Amino acid sequence: MNGLYDRESRSVSTLAHLRFFPQAVTGGKGSLLRGDDGRDLLDFAASWGAASLGHGHPALAEAVNRALTDQAGASYLSTANEPCVLLAEKLLSIVPERAAGRVWFGHSGSDANETVARAVVAATGRKRILSFKGAYHGGTVGSVAISGHPAQGGIDKASGLSLVPYPDAYAAGSPEAAASAALAHLEELFATTVPPEEVAAFFIEPIQSDGGMLVPPPGYFREIQALCRKHGILLVCDEVKVGLGRTGRLHAFEHSDIEPDIIVFGKGLGGGLPISAAVGPEAIMNHASAFSFQTLHGNPVCAAAGLAVLDTIDRENLVANAARVGDTMLTALRDLQAKHELIGNVRGHGLALGVELVSDRNARTPAIEQTALVVYRAFQLGLVIYYVGINSNVLEFTPPLTMSEDEALRGIAILDQALGDVEAGRVDPQLLEHFAGW
């Protein structure tokens, strides 16, 4: 280690680190980051999808500068501010009618999911919550409590939480088998240990991102929605990483043809600034005043950024761009699958894609070390990409919504070389010594 990365190691806490290689940047523009060594790095991660408009987008810079130049306070706790109201009105206009009640603003998907989890229990009087195994709903105490990702093992869960399997079509052998097994498990719970009339809400991810970029089988969430409606269970959709245009639809849940009761937004909503939103029925979102707040919640600068992101997505047709570029990437990645034995499965929608790496295609054995080496080698070659999954063997693609087809293909060419180098044993495993990843 040297340069900026080495300086960071002597000054910044590692408590929030999730590191895969010695990445240190000093700036960026569009889909490129500038390393402290002067290299241009093609960004296929966008800071886990948070930099939705890429880096240094003029519309975002202008909105933030305007909000700071004529600043409407710093919070919405004790005063209404115009950017916050405008963003709330915009969000209410783009969600299904069931959810179009009131908007709560926070800093991240974590505090938004925690707030919703508390609110649904308090407002309904029901003490139980359903969530998926492998689900990552955040890193605060309350959001970890309703999550099921193994990386958060050893941390206390909510007393009323029940975790159910997310259908994995690749592991199960087919979408039908995955859906059938997952639904049977849920129905057995309802008939035995989890009375549905005691369940306040079911937290879902329309694509389970950190759990492995798992795409639900067709019709699966329609069945889940029917069960929730039957038993009066609120359907809470976590769109934090995969929403707002990323999947080639404005909302990722549109691929499943469902209408959630509550929708949680984060990451890309701020385009790189910290803001989240929970949108849902007035009876839930207005349950009690002073129920969940931090001083800078609803600050006008981040709210202005959020509004600029939504306006830019619409004005620049970024939903259509995500669909088009995503299709190009999906095709190219499936071409790589035919070339590289390491690739077991390619999946996703739009610019929310996953590539599962295996050491044995027949046994579907997770290629854990090889996955870490691939992302490290890709970084050496100029591509930023991370991995996810309960077995840490799924390459995750969440590039800026502004990415061009040329940039996408250039990045996949780098990935092609990285895969080949790892398969040929040309990448030293000792490089991973200081990088635990997930």
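A residue is called buried here when its relative accessible area is under 20%, exposed when it is over 50%, and partly exposed in between (1.4 Å probe, protein chains only). By that rule, 55% of the 438 residues of the protein chain count as buried.

This is a predicted model, in which local features need pLDDT of at least 70, side-chain atom pairs count only at pLDDT 80 or more, and totals for chains, interfaces and linings use all residues. Residues are numbered from 1 along each chain as its sequence is written, and side-chain values use heavy atoms, with hydrogens and water left out.

**The overall fold**

Let us start with the whole chain. The protein chain holds 14 helices and 16 strands; these are DSSP runs numbered from the N terminus, with helices (H or I) of at least four residues and strands (E) of at least two. The C-alpha trace spans about 60 × 55 × 40 Å along its principal axes.

Among contacts (heavy atoms within 4.5 Å) with a separation of 6 or more, 73% join residues 24 or more positions apart. The accessible surface comes to about 18,000 Å², and 50% of it belongs to carbon and sulfur atoms; the areas come from the Shrake-Rupley method with a 1.4 Å probe, and for residues only the protein chains shown count as cover.

Now for some individual side chains. A polar contact is a pair of N or O atoms within 3.5 Å; within protein, one must be able to donate a hydrogen and the other to accept it, and residues adjacent in sequence count only if both atoms are side-chain atoms.

Glutamate 396 sits in strand E16 (residues 394–397) and counts as buried because its relative accessibility is 2%. Its side chain makes a polar contact of 2.8 Å with the side chain of lysine 241. Beyond four places in sequence, the residues that glutamate 396 touches include Phe44, Trp48, Asp210 and Tyr387.

Arginine 347 belongs to strand E11 (residues 343–349) and is also buried, at 9% relative accessibility. A polar atom of its side chain lies 3.0 Å from the backbone oxygen of methionine 213. Outside four places in sequence, its contacts include Tyr170, Met213, Glu356 and Val394.

Arginine 249 is in the loop between strand E8 (234–238) and strand E9 (262–265), where it counts as partly exposed at 36% relative accessibility. The backbone oxygen of glutamate 254 is 3.2 Å from a polar atom of the arginine 249 side chain. Not counting residues up to four places away in sequence, arginine 249 touches Glu254, His255 and Val319. Its C-alpha atom is separated by 9.6 Å from that of leucine 318, 69 residues apart along the chain.

| Residue | Phi |
|---|---|
| Alanine 46 | near 50 degrees |
| Alanine 290 | near 55 degrees |

Where do they lie? Alanine 46 is placed in helix H2 (residues 46–49) and is buried, with a relative accessible area of 0%. Alanine 290 lies in the loop between helix H10 (282–285) and helix H11 (300–315), and counts as exposed at 64% relative accessibility.
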